[in-house]
Amino acid sequence: MLTLFIANYFGGMSLDTKVEELKAILQPVLDKHDFFLVDLEFVHERGDWYLRVYADKKGGISIDDCALISEEYGEKLDELNPIEPAYYLEVSSPGAERPLKNDESLSDYVDDYVHASLYQKQDGQKAFEGTLTEVTDTKITLIVKVKNLKKQVEISRDNIAKIRLAIEF
């Protein structure tokens, strides 16, 4: 039902295609200020549509940066009008425990502490936290602590359900 609803709003276009179009409109705004896109989602929640932009920059993004993106992107969206239903535009930082959704973001955070959730258990666990030390096309490598000892764990990329930055305590 939601798919038909979306197709009617987007002239037969899928939600994924619409999101890619919205990213293309956003990218020049981000490039102009040396920001990068962490994620963009267009979701229907509790009867309202939300266009959420998660952006960042080296050294972290501020509230003023988010306001700048919101203002400039909002103007572009108003000018081009690519979305028919009324929606709320939200621009924010991805947070300290941001998801790592693509190869570039994984590579950018080598030597950082991460949390990886798995589809299938590995060594009796469905999640690992540790320092990301290597990223390849097929696997990631973490250094994890096990009873005050450090251990290297290699995880197949196909087995990773989600991976995000984590705060080490």
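## Helix pair α2 and α3

Helix α2 (residues 15–32) packs against helix α3 (residues 63–80) at an angle of about 140°, and their axes are 10 Å apart. The model is predicted. Angles over 145 degrees would count as roughly antiparallel. The two helices, α2 and α3, are therefore oblique to each other. The crossing of α2 past α3 is right-handed.

From α2, the residues Leu22, Ile25, Leu26, Val29, Leu30 and Lys32 take part in the contact. They meet Ile69, Glu72, Tyr73, Lys76, Leu77 and Leu80 of α3. By class, this contact of α2 with α3 holds nine nonpolar and three charged residues, with no polar ones.

## The sheet

Three strands form an open sheet in the order β1-β2-β3, and the pairing is mixed. The edges are β1 (36–45) and β3 (87–92). Each has a single partner strand, so one side of each is left without a neighbour in the sheet. From one strand to the next, the twist averages 15°.

Strand β2 (residues 48–56) pairs with β1 in the antiparallel sense, over nine bridges. Val43 stands opposite Tyr50 in β2.

## Helices on the sheet

Both helices of the pair also lie across strands. Helix α2 lies across β1 and β2, and runs at about 140° to β1. Helix α3 lies across β1, β2 and β3. Its direction is at about 145° to β3.

## Domains

The chain is divided into domain 1 (9–92) and domain 2 (106–165). The C-alpha centres of domain 1 and domain 2 are 30 Å apart.

Conventions
Residues numbered from 1 in each chain as written. Predicted model: local features only at pLDDT ≥ 70, side-chain atom pairs only at ≥ 80, totals over all residues. Heavy atoms only, no water. Axes fitted to C-alpha atoms, helices over the stretch in contact; angles between N-to-C directions. Helix = DSSP H or I, 4+ residues; strand = E, 2+ residues; numbered from the N terminus. Parallel < 35°, antiparallel > 145°, perpendicular 65-115°, else oblique. Left-handed = near helix turned anticlockwise from the far one by under 90°. Contact = heavy atoms within 4.5 Å. Nonpolar A, V, L, I, M, F, W, Y, C, P; charged D, E, K, R; others polar. Domains from an automatic or database assignment. Pairing = 2+ DSSP bridges.
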